[in-house]
Amino acid sequence: ESHLDFWTVRSVRPDRRTSLHPKVKMAFACVSMAAVRPTVARKVSLPKSRKAAVARRASVPVRAVGIEQEVALDEAPLTLLREGGEDDANSMRARFEKMIRAAQDEIVSAIEELDGQKFQEDAWTRPGGGGGISRVLQDGNVFEKAGVNVSVVYGQMPPEAYRAATGEAGGGKDMIPFFAAGISSVMHPKNPMAPTVHFNYRYFETDAPEGAEGAPRAWWFGGGTDLTPSYIFNDDAAHFHGTLKDVCDKHDETFYPRFKEWADDYFIIKHRMNERRGIGGVFFDDMNDRPQEELLAFATDMAGAVVPAYVPLVAKHKDDEYTETEKEWQQMRRGRYVEFNLVYDRGTTFGLRTGGRIESILMSLPLTARWQYDMQPEEGSREADALDAFRNPRTWVA
């Protein structure tokens, strides 16, 4: 989930109710291993044809989308966009890249101030345009591992990716050009009383499929921010969710309840009795139901909310005392984080199958984790309370 090359696989649901041209909808599926919005929390009966499609999809190897191999740079360039053409300074592509680059600078600066150590930076480009900038802090004073990535991708969606994603025939023969840009981050503090955070915000667009007369260029926004504590502090949860809610309410009062539920539905570890990875936050995708200007403003404000929502929580708990047992519980929860990312996260699993930049793909994993056989928290303990919160999503703000 930490590298944009593979965020694109989350970006589309074939049940999206829009008036887009059918061939454009078909093109969307070409980059989507996330064929359906997660609904694990609700029992849904799929039609037989859909069940068969899902089974076929699982058995078909997917070839990577047409993304060129990266070339390492000594320092980050001023822009990762192609020169000229539709990527001029006033385009949505350029404005979104400007936003995520500024967000990366702001968030990295805040974390460096809190930790006292500097991030390592790696930058790369691709011959046909695009590239990325990874900034990682490892084994710091406060953070065991923290990373903030930005990436710009130009690629081609192959028709077989569509067939693998949907299990249906058709899909045409021509590769479909696409563009994606985004920022993604995961931060794992050392102290078990301080929570882990994850966020990403992205913009995606594709050219119309060749031969789809009258089809518009397709585009959408997606993203979210979520919190993964080892121990539950109600005031912390209320602060985190309240900060995100305030931003959502500024743009649309329906956003927070919708996007909180979506996050609760997405971050599920099914083989662990449907535990959530943490206490959620907000998650949204496939958004193109209002003008681009409005959605850019929303994504900008959400990225801007990361520091005030999260950094005060780490500052509050980074020096808390803790026992060896509490550290072991944190390591167990880190293990759950690894399980979700490697087994269920669509961006990570698709990236591993298709040969992207491995250091960026696995940036989200903690430096250390623990798997203890048949570990069960003691009834009435803080660990049991945390596990209950993970299995039964709570309402943190009104």
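Local features were considered only at pLDDT of at least 70 and side-chain atom pairs only at pLDDT 80 or more, whereas totals for chains, interfaces and linings use all residues of the predicted model. Residues are numbered from 1 along each chain as its sequence is written, and side-chain values use heavy atoms, with hydrogens and water left out.

The salt bridges are described first. With a salt bridge taken as a side-chain nitrogen of Lys or Arg within 4 Å of a carboxyl oxygen of Asp or Glu, the count comes to 25. In one of them, Lys-316 is paired with Asp-236, and the closest N and O atoms are 2.9 Å apart. This pair links distant parts of the chain, since Lys-316 lies in helix H9 (residues 306-317) and Asp-236 in helix H6 (residues 234-251), 80 residues apart. Helices are DSSP runs of H or I with at least four residues, strands are runs of E with at least two, and both are numbered from the N terminus.

Strand S10 (residues 280-287) contains Asp-285, which is buried at 5% relative accessibility. The side chain of Asp-285 makes a polar contact of 2.9 Å with that of Arg-202. A polar contact is a pair of N or O atoms within 3.5 Å; within protein, one atom must be able to donate a hydrogen and the other to accept it, and residues adjacent in sequence count only if both atoms are side-chain atoms. Asp-286 is likewise found in strand S10 and is buried, with a relative accessible area of 9%. Although Asp-286 is not a glycine, its phi is positive, at about 55°. Most residues other than glycine have a negative phi. Met-273 is another non-glycine residue with a positive phi, near 55°. Met-273 occupies the loop between strand S8 (268-269) and strand S9 (275-276), and is exposed, with a relative accessible area of 62%.

Aromatic contacts were examined next. Rings of Phe, Tyr and Trp (its six-membered ring) pair if their centres lie within 6.5 Å; planes under 30 degrees apart count as stacked, over 60 as edge-to-face and the rest as tilted. The structure holds 21 such pairs. Among them is the tilted pair of Phe-340 and Tyr-344, with 6.3 Å from centre to centre and 40° between the planes. Both residues belong to helix H10 (residues 324-344), where they are four residues, or about one turn of the helix, apart. Phe-340 is buried, with a relative accessible area of 1%. Elsewhere, ring pairs link Phe-199, Tyr-201, Phe-255, Phe-259, Phe-284 and Phe-298 into a cluster. The charged end of Arg-82 sits over the ring of Tyr-154, 3.9 Å from the ring centre, where the criterion is NZ of Lys or CZ of Arg within 6 Å of the ring centre and within 35 degrees of the ring normal.

Helix H10 also contains Val-338, which is buried with a relative accessible area of 11%. The C-alpha atoms of Val-338 and Arg-277 are separated by 9.5 Å, the two residues being 61 residues apart along the chain. At the surface, Leu-342, Val-343, Leu-352 and Ile-358 form a nonpolar patch with about 320 Å² of accessible area together. Patches are made of residues with over 30% relative accessible area and no salt bridge, with like charges joined within 9 Å and nonpolar side chains (Val, Leu, Ile, Met, Phe, Trp, Tyr) within 5 Å; accessible areas come from the Shrake-Rupley method with a 1.4 Å probe, and for residues only the protein chains shown count as cover. Leu-352 is located in helix H11 (residues 346-354) and is partly exposed, with a relative accessible area of 38%.

Terms used: Buried means under 20% relative accessible area, exposed over 50%, partly exposed in between (1.4 Å probe, protein chains only).
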